[in-house]
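Open the model in your viewer and keep the selection tool ready. We will go stop by stop.

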Amino acid sequence: QVRLVESGGGLVQAGGSLRLSCAASGRTFSDCAMGWFRQAPGKEREFVAAFTGGGSTAYYADSVKGRFTISRDNAKNTVSPQMNSLKPEDTAVYYCAAHKAVGGYLRSQGSYDYWGQGTQVTVSS
């Protein structure tokens, strides 16, 4: 059993920054690959970023490359996207997810076993 709690969402102006965080509990955090997804109103949930369980490889959606940076802190059981140069198109509910292995097809929603409740990010123009 893994429990995930997202935090750090809020309202920012275009061009601003936010840092989200996902806190995990219930099993060894370092064993789990971690992903972030988002869902905007009227749109399907989409991949944002992911980190392998070993912490050696990060993946990003093309839409956020160069603006978002994902990091892991295994000692604190957290994974955090630093989101810079935010755009109104980034407005969405952001979800943390965990896969019970160190890797996999991490761009796919179906690869994940556990999900957080989501945190709202709103970017105004």
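## Stop one: the disulfide

Search the whole structure of this predicted model and you will find one disulfide. A disulfide is a covalent bond between the sulfur atoms of two cysteines.

Select cysteine 22 and cysteine 96. These two are joined, with an S to S distance of 2.0 Å. Now look at where they sit in the chain. Cysteine 22 belongs to strand β4 (residues 21–25), and cysteine 96 to strand β10 (residues 92–99). The pair links distant parts of the chain, 74 residues apart.

Turn the view to the S-S bond. Its torsion is about -80 degrees, so this disulfide is left-handed.

Are the two partners buried or exposed? Cysteine 22 has 0% relative accessibility, so it counts as buried. Cysteine 96 is buried too, at 0%.

## Stop two: another cysteine

Select cysteine 32. Which cysteine sulfur is closest to its own? That of cysteine 96, but at 10 Å it is too far for a bond. Cysteine 32 is buried, with a relative accessible area of 1%.

## Stop three: the whole chain

Zoom out and switch to cartoon view. Count twelve strands and zero helices.

Next, show the C-alpha trace. It spans about 40 × 25 × 25 Å along its principal axes.

Colour by burial. Buried residues make up 45% of the chain.

Finally, select the charged side chains. There are 13 positive and 9 negative ones, and the centres of the two sets lie 3 Å apart.

How values were computed. Residues numbered from 1 in each chain as written. Predicted model: local features only at pLDDT ≥ 70, side-chain atom pairs only at ≥ 80, totals over all residues. Heavy atoms only, no water. Helix = DSSP H or I, 4+ residues; strand = E, 2+ residues; numbered from the N terminus. Buried < 20%, exposed > 50% of the residue type's maximum accessible area, 1.4 Å probe, protein only. Lys, Arg positive; Asp, Glu negative; His and termini not counted. Charge placed at Lys NZ, Arg CZ, Asp CG, Glu CD. Disulfide = S-S within 2.5 Å.
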